[in-house]
Amino acid sequence: MSIRGPLVVLEGGEGVGKTTQWERLREWLRASGQTVLALREPGGTPPGDTIRTLLLDPVGALAPETEALLFAASRAELLTRAVRPALAQGTLVLLDRYLLSTYVYQGVARGLNTDALRAINQFATGGLVPDLTLLLSLPLDEAQRRTKARGAPDRLEQEPDGFHARVAAGFSEALTAEWQQTHSECGPIVLVDASGTREEVTARCIDILASRWPEHFARPAGITSQTA
Ligand SMILES: Nc1ncnc2c1ncn2[C@@H]1O[C@H](COP(=O)(O)OP(=O)(O)OP(=O)(O)O)[C@@H](O)[C@H]1O
Ligand SMILES: [Mg+2]
């Protein structure tokens, strides 16, 4: 009998360091001899990457419903073509954003109906629940400093401050037991302090992951928390 691989998701608002940690965790796993499939949302497949361009294009103006459906379409493609086959082979899959982002951005920040979002995403995901979501958390002004330093803003980054404050509130609410009970399709969500250096944040992620999956994340000899 084969055992499905773990599905781990990195979440949080813009600039908190999701992609940075997703790359670092991927490289850390590879350096310790493990197989990992690391994919990002939206995108991660050729059709999904086309949808990503449409979603992040600063000149595009999309109705919130269109935006939600495009995210779900990209997700369906990613799961069918890449995530499910990898998990079925026992491979660990690391996603840069997943379903929680939909509830926060399209639900809390854009005001779309939660039940509608749940329905289209149930259809898109076939009910695939992450085993663990690491929610990176950073004060908004610090995250904005990081994105400004990164360069040209994309369409979501150009949203007014109120939008980003709603996003931050939405992510905070997702940490409550009540929210997680009523959104069981998102799986367990744990907070990771995203302040400090890239290395410090990676070490925090690995400590959490190692307590859940020691076979994947126990530090091999030669890889210390300094290099993490
Ligand atoms: N711990 C850190 N300290 C300082 N800068 C960082 C840290 N982590 C990431 N950065 C930098 O901050 C910027 C934003 O990080 P990153 O792109 O990983 O964020 P993100 O959460 O993926 O954002 P987005 O939601 O927009 O994709 C990048 O330029 C990155 O190099
Ligand atoms: Mg990113």
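The model is predicted, and its protein chain contains 10 helices and five strands. With 228 residues, a compact globule would have a radius of gyration near 17 Å, and the 17 Å of the protein chain agrees with that value. Strand 1 pairs with strand 3 and with strand 4, while strand 2 pairs with strand 3. Ligand 1 has 15 residues around it, and helix 6 supplies the largest share of them.

**Overall form**

- Taken along the principal axes, the box that the C-alpha atoms of the protein chain fill is roughly 50 × 45 × 35 Å.
- Among the 228 residues of the protein chain, 37% count as buried.

**Strands and their pairing**

- Strand 1, which covers residues 7-11, runs parallel to strand 3 and is joined to it by four bridges; within this pairing Leu 7 stands opposite Val 93, and Leu 10 has Asp 96 as its bridge partner.
- On its pairing with strand 4 (residues 132-137), strand 1 again runs in the parallel sense, over four bridges, and here Val 8 stands opposite Leu 132.
- Strand 2 and strand 3 are paired in the parallel sense as well, over five bridges, with Ala 38 opposite Leu 94.
- Five of the five residues of strand 1 are buried, and the strand is mostly covered; Leu 7, Val 9 and Glu 11 point one way from it, whereas Val 8 and Leu 10 point the other way.
- Strand 3 is largely enclosed by the rest of the structure, because five of its five residues are buried; Leu 92, Leu 94 and Asp 96 point one way from this strand, and Val 93 and Leu 95 point the other way.

- In soluble globular proteins, nonpolar side chains tend to be buried together.
- The largest nonpolar core in this model has 52 residues, and those with the most contacts inside it are Leu 94, Leu 100, Val 104 and Leu 136. Helix 3, which spans residues 64-88, gives the largest share of this core, namely seven residues.
- Leu 100 is in contact with Glu 11, Thr 133, Ala 174, Cys 186 and Ile 189, when its neighbours within four places in sequence are left aside.

**Backbone sites in loops**

- The peptide bond that leads from Glu 41 to Pro 42 is cis, with omega near -15°, and Pro 42 is found in the loop between strand 2 (36-40) and helix 2 (46-56).
- Arg 97 is not a glycine, yet it has a positive phi of about 80°; its place is in the loop between strand 3 (92-96) and helix 4 (99-109).
- Arg 97 has 24 other C-beta atoms within 10 Å and is therefore buried, since the cut-off is 20 or more.

**A glycine in helix 4**

- Gly 107 has its place in helix 4, and it counts as buried because 23 other C-beta atoms lie within 10 Å.
- Not counting residues up to four places away in sequence, Gly 107 touches Thr 102, Leu 112, Thr 114 and Leu 117.
- Gly 107 and Arg 118 are 11 residues apart along the chain, and their C-alpha atoms are separated by 9.9 Å.

- Helix 1 (18-31), helix 6 (140-150) and helix 9 (198-212) each supply at least two residues of the shell around ligand 1, and helix 6 contributes the largest share, four residues.
- Sorted by class, the shell around ligand 1 consists of three nonpolar, seven polar and five charged residues.

Notes. Residues are numbered from 1 along each chain as its sequence is written. Chains are lettered from A and ligands numbered from 1 in the order in which they are written. This is a predicted model: local features need pLDDT of at least 70, side-chain atom pairs count only at pLDDT 80 or more; totals for chains, interfaces and linings use all residues. A nonpolar core is a set of buried Ala, Val, Leu, Ile, Met, Phe, Trp, Tyr and Cys residues joined through C-beta atoms within 7 Å. A residue is buried if 20 or more other C-beta atoms lie within 10 Å of its own, exposed if 12 or fewer, and partly exposed in between; C-beta atoms are placed from the backbone. Two residues are in contact if their C-beta atoms, placed from the backbone, lie within 7 Å. Two strands pair if DSSP finds at least two bridges between them. A residue is near a molecule or strand if its C-beta atom, placed from the backbone, lies within 6 Å of it. Ala, Val, Leu, Ile, Met, Phe, Trp, Tyr, Cys and Pro count as nonpolar, Asp, Glu, Lys and Arg as charged, and the others, Gly among them, as polar. The radius of gyration is taken over C-alpha atoms; the globule rule is 2.2 Å times the number of residues to the power 0.38.
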